[in-house]
Every structure is written in C-alpha cells, then in structure tokens.
Amino acid sequence: MGRRGQVACGELSPGAVTAHGFTLMEALVAIGLTAVVLSVFTATTATSVFLRKSGYSIQASNFVREEIDALRVLPYTELIDRTNGSFLGLSLTRGTWQAKVVSGTPSGTQALALITPATTSLVSETGLAVVPSNYHADFDFTAKFNVLASSPAGWGTGIAFHYRDAENHYRFRFSSGGVALDKVYHGTATTLWTQSATYNTGTWYTLRIVTSGTSISLYKNGTLLTTQTDSTFTTGDIALQTLSNALVYVDDVSLTELSATTTWNFDADTAGAMPTSWQRFVYEDLPSGAGTVTIAGYNGQTDIKKVDVTVTWNDTGFTKTMTGSTLIAK
C-alpha cells in the first residue's frame, strides 16, 4: 500500500490504464483537443456571422449605388421632388416568384408562379418579374396567364412594358371585368384604352404586345384588340405584372426583337425557386429590407437636385442603415 506503481481504489495515476477508460494523460489530451475544436468552431461561427453581416452591408451599399447611378441617367425633368419615396429608374422584382409544377399548363409541366405578393403596393402593383435582358424598344412579346381562384376581389394581371420603374411604364392588363391599356406616369395611372369583358380565374389567357416606334398593338388569344399610339415611353424593360394582390401562373413566355426569339416555359427550371436567369437581387432580399429616395432642390437652385438614398435591413433584431448622397445638375 502506498508504494510507487500501485494504485489505490478510486485513484488514477499518470500512465495507469483502467479496464474501461483512458489514462489521465489521454484524458488531458482529449480535453485539450476538445478545447481546440470548440475554439475553432467558435472562431468559424464568428467568422460566418461576420461575413454574413458584411455581406448585407456590401449588398446594401450596392443597392444604394445602383439607385444613384440610375437617377443620374434619368432626364432631369424626371427627378420629381419626394421625401422617402420609392426608387426611380430601376425595375425591381416584387413578390416571391417560383417555378412550380402545375397541372393543366398550356404546355409542359411547370409554370412561373407568384407565390406571395409584395407587402406594399405601388400604383396597385404587388408583383413584378422582369424578363431577362436589357431595355427594349420595338418588340413582339407573348405570355399566357392564369389567375388563381384564391386571388382577392379586384385582382388584375398582365404585362408591363417600356418599364422604367413602378411609377413610369405602360401596362396591358386584364381583370374580372375587362382588359385595358394604362400609362403610369410620375406615379399616376391613366387608362388609354379599355374594353369590357368577362375574365375568369382558373382559365388560361394569352396576351400579346407588338410595339413599333410609338405604335402599340394589343392581342388576346390571337385576336387583335386595338392599336394605340403614345410617345411618353419608347423604351424600357418588359415584365410580368400583378395588381391588387393577384396570384397567378404564367407560362409560354416569348420575346422577339431584331429577328431573334427567346422563349421560356420553365419546365427545366428548379421547382420552388426563381429561374436563375430571371433573378434580380433587390433591397427587399435583405432581412426586412426597405429602400427610399429623397429628392429636393439644392440651396434654392433650380438647376441642381440633391439626392439621398437609404437602404435599411434587420440584423439580429437591430435596424441597420446604408445611405448615399449626390448632387445632380440639369
């Protein structure tokens, strides 16, 4: 008893081996390794959180810069004074869109679906999916629409074109009571042409627009409805648009310009996700993201505007803000 090399009951000496465990040395090594692993995990987690937060800041900064750049190329007369107003000069995806397996599509098995409308309405617009590619002048565009029965009363949907932003564009739309061509200018919608008719939910309708210069020809299910002339907008984006919280399926989209045709039927796209080529990242993709722009005269001068752009988002319960300012001369 008590001699070196002997182990009393309940004790463990370095180097001694128990029948069912580790030596003390091995236990110490294991504890050390665990501490290292925990340290690495903590550092990795902290780095991940830092990168995520840094990513939000970088994205917000990019959104601010994008809006400032867009305002700089707008005609000076389009820089209407506003306080914390909506962005101008940008086509921003609104609402949650996904490729979705849909029974009874005009062709194939999937359609593009608006799953959730935008939380706010801009000139009744609660959904917007911008067609890939750049601004369009003269074009021939077709898309098939099916409004879901779960859409609220007063729903509307159709095609926005020569679209500069939510406050400036044309829209070819239909609702339960008819079809119309609207001009949205400086945030005010004016109906240029309308026709009464009955449009039902759960039914596929084909809309087609052909533009040439200031001429706008509108078709429904292959039949020419009207040709109108207006010169307010002669170029801009093309987009699928919903109004007043409508929920829709859209399929067989086709765009022809300069003798080249591009089509989308969404069958090869991943179900449950926005098709890659249609994705446009906007401030609303940030957690609780929002964006505003303030435009005002500068020091009483009539030929200079001061622009302030703000993007906010939520980061673990705290509101973060990214801002940018510039002066734009006439």
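Contact here means heavy atoms within 4.5 Å. Keep that cut-off in mind for the selections below.

**Whole chain**

Start with everything shown as cartoon. This is a predicted model. The protein has one helix and 18 strands. Of its 330 residues, 41% count as buried. Take the contacts with a separation of 6 or more: 62% of them join residues 24 or more positions apart.

**Threonine 142**

Select residues 139–147. This is strand S5, and threonine 142 lies in it. Is threonine 142 buried or exposed? Its relative accessibility is 18%, so threonine 142 counts as buried, the limit being under 20%. Now show what surrounds it. Leave out the neighbours within four places in sequence. Threonine 142 is then in contact with Thr206, Leu207 and Arg208, and also with Asp252, Val253 and Ser254.

**The four-stranded sheet**

Next, colour strands S1, S16, S17 and S18. They form an open sheet in the order S1-S16-S17-S18, with antiparallel pairing. Which strands sit at the edges? Strand S1 (82–85) and strand S18 (318–329) do, each pairing on one side only. From one strand to the next, the twist averages 15°.

Zoom in on S16 (residues 290–298) and S17 (residues 301–315). Nine bridges pair these two strands in the antiparallel sense. Pick glycine 291: its bridge partner in S17 is valine 311. Then pick valine 293, whose bridge partner in S17 is valine 309. Follow the chain to the hairpin of S16 and S17, which has two residues between the strands. Asparagine 299 takes a positive phi there, near 50°.

Stay on S17 and move across to S18. These strands run antiparallel and are joined by twelve bridges. Select valine 309 again. In S18, glycine 324 stands opposite valine 309.

Switch to a surface view. The largest pocket holds about 400 Å³ of space. It is lined by 18 residues, and those closest to its centre are Thr93, Gly95, Thr96, Glu284 and Asp285. By class, its lining has seven nonpolar, seven polar and four charged residues.

The second largest pocket has a volume of about 220 Å³. Select Glu66, Gly89, Leu90, Ser91 and Arg280: of the 14 lining residues, these are the closest to its centre. Which element gives the most to this lining? Helix H1 (residues 24–73) does, with three residues. The lining of the second largest pocket divides into eight nonpolar, two polar and four charged residues.

The largest cavity has a volume of about 120 Å³. Show Leu92, Arg94, Leu122, Ala166 and Tyr283, the closest to its centre of the 13 residues that line it. The lining of the largest cavity has seven nonpolar, two polar and four charged residues.

Note on methods: Residues numbered from 1 in each chain as written. Predicted model: local features only at pLDDT ≥ 70, side-chain atom pairs only at ≥ 80, totals over all residues. Heavy atoms only, no water. 1 Å grid on protein atoms, 1.4 Å probe; cavity = no way out; pocket = protein on both sides within 12 Å on 5 of 7 lines; lining within 4 Å. Points joined across faces, edges and corners; volume = space filled by probe spheres on them. Nonpolar A, V, L, I, M, F, W, Y, C, P; charged D, E, K, R; others polar. Pairing = 2+ DSSP bridges. Axes fitted to C-alpha atoms, helices over the stretch in contact; angles between N-to-C directions. Buried < 20%, exposed > 50% of the residue type's maximum accessible area, 1.4 Å probe, protein only.
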